[in-house]
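Subject: Structure for you to look at

Hello,

Here is the structure I said I would pass on. Please open it next to this email and follow along.

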Amino acid sequence: MSTAQVPPVTAIGTPRITAGFDEYGRLDLLAHQEVHGGFAALSSGELIGLADRIELRGRGGAGFPFARKVRAVVDSCRRQDLPPVIVVNATEGEPPSWKDKAVLTRGPHLILDGAALAAAALDAEEIVIGVADDGVGQNSLAAALAERKMPCPTRIVVVPHRFISGEGGALVRGINGEAHIPPGRKVRSSDNGVMGLPTLLSNAETYSQLAIAARLGPWEYNSVGIPEEPGTVMLTVGGSATAPAVVEAPTGTPLMEVLEMCGADLGPGLLVGGYHGKWVSAEQAKTITISRKGFAKVGGTLGAGMLIPIGSKTCPVGEVAQVVQYLAGESAGQCGPCRIGLPDLARAVTLVSLGGNAVEQVRQAAGMVKGRGACSHPDGSSRFALSALEVFHEDVRAHANGEGCGKQVRGILPLPYTAEKGARKLALDWSRCDGHGLCSAVAPEIIRLDHNGFPAFPQTPLPPWLEDGARKAVNVCPALALRLTEPTPAK
């Protein structure tokens with residue numbers, strides 16, 4: 001996507017990270033200094049103390065305490081007598097997420113301030129900023145670097161815009177010139193990261209929050225939000241929202257206030273935490289406040305701040321099936337749960353969407369991958385699928401009965417390949433089809449036979465990794481009834 005497609009940015013209450021966005025659009029160095037002012041350098045002890053006092057946690061999804069990361073890097077540097085590297089993860093590989101890209105394009109100097117603070121405090125060897133190859137934010141970041149002096153050499157590394165490229169281990173591997181996939185084993189970047197050096201790795205919003213706190217000090221920073229989780233959070237509101245936006249909100253803000261501001265049709269449920277997150281019901285959503293604690297009360301997670309209401313105009317089961325297919329294709333493919341388990345899960349969820357009574361198959365497939373992967377991808381994917389069965393139980397029942405929910409898949413859950421030129425979908429000429437069933441034998445992960453023996457498949461664009469199977473199915477059709485066609489864009 002281009003920079004022009006970054007959603008509008010707004011704030012509830014007094015903006016902090018997004019301050020000046022309304023007035024300046026994008027803040028160059030002079031505008032940035034006018035809006036935010038200067039800040040004093042910190043020692044490593046002062047940096048740790050500040051992060052501790054404001055309860056700063058990573059805003060990339062895991063929510064790990066930033067102060068503990070810094071302590072681990074400091075201890076590793078002393079133990080190994082090596083300098084550290086500072087890594088900013090601004091890849092934002094999940095299709096629904098835009099908060100970091102919004103800051104990259106509109107307020108890049110705030111990210112650089114946070115990275116510079118950490119680098120100066122730890123006497124870092126280098127700063128590396130990872131961005132995706134989707135073209136969003138990279139030019140803005142490069143222009144910001146050209147306007148200022150950093151405390152150590154600073155470079156931008158471009159990584160593939162894939163779901164798993166933003167995983168910490170995958171980013172470090174990519175920076176080191178290796179494959180952009182998780183390492184397949186637990187590796188502490190604080191001990192052995194970029195170029196084998198102790199590495200402090202956190203996401204773009206985390207460094208921005210650090211820069212805000214260095215200017216305000218802990219007392220003023222903690223004056224906003226709830227005491228146990230002070231400050232603001234950046235949220236991406238998409239899905240069925242008629243006014244999708246990146247929203248900066250104080251912790252403790254009622255979730256419904258954010259959704260209503262974005263014109264969200266909640267429908268039967270809301271996805272929180274992204275595609276590794278969890279579906280919560282509309283009733284649960286009305287009780288949530290924006291905080292880790294607020295989401296935890298309903299078994300959810302704030303994650304990387306994605307809020308995706310499904311709305312009432314799309315088929316939720318079909319939407320979920322499409323995303324699980326995507327997640328299966330986005331795996332690193334280096335362990336059994338990803339190579340075998342996730343495709344099994346995708347087939348089972350797809351079968352449910354096509355009218356098959358495969359709910360137990362979904363549960364079994366999810367159970368086979370949970371807790372067994374080399375990274376968190378299988379766990380997150382299974383959580384996404386299983387929570388959908390709970391929240392959309394009425395629609396699941398209607399599909400399992402063969403009736404369906406009567407709604408088409410509208411692409412409410414964004415996927416990167418649906419917007420790519422050349423993405424295709426299957427189409428069937430019913431006047432030609434004789435129900436031979438060869439297509440389902442060749443491509444069972446895409447095509448199933450209905451109760452009358454005729455082919456059934458999702459009316460959605462095909463993931464790229466399934467196109468070869470679809471072509472084979474087209475080629476074996478003796479009646480020439482099956483074809484591949486360009487998709488009709490969702491409206």
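Below are notes on a sheet and on the cysteines.

This is a predicted model, in which local features need pLDDT of at least 70 and side-chain atom pairs count only at pLDDT 80 or more, while totals for chains, interfaces and linings use all residues. Residues are numbered from 1 along each chain as its sequence is written, and side-chain values use heavy atoms, leaving out hydrogens and water.

The sheet: four strands, in the order E4-E3-E2-E5, make up an open sheet with parallel pairing. Strands are DSSP runs of E with at least two residues, helices runs of H or I with at least four, numbered from the N terminus; two strands pair if DSSP finds at least two bridges between them. Strands E4 (154-159) and E5 (199-203) each have a single partner strand, so one side of each is left without a neighbour in the sheet. Strand E2 (residues 85-90) pairs with E5 over five bridges, in the parallel sense. Valine 88 has serine 202 in E5 as its bridge partner.

The cysteines: the whole structure has zero disulfides, a disulfide being a pair of cysteine sulfur atoms within 2.5 Å. For cysteine 152, the closest cysteine sulfur is in cysteine 77, 12 Å away, which is too far for a bond. For cysteine 315, it is in cysteine 405, at 3.5 Å, also too far for a bond. Cysteine 152 is buried at 10% relative accessible area, and cysteine 315 is buried at 3% (buried means under 20% relative accessible area, exposed over 50%, partly exposed in between, with a 1.4 Å probe and protein chains only).

Regards
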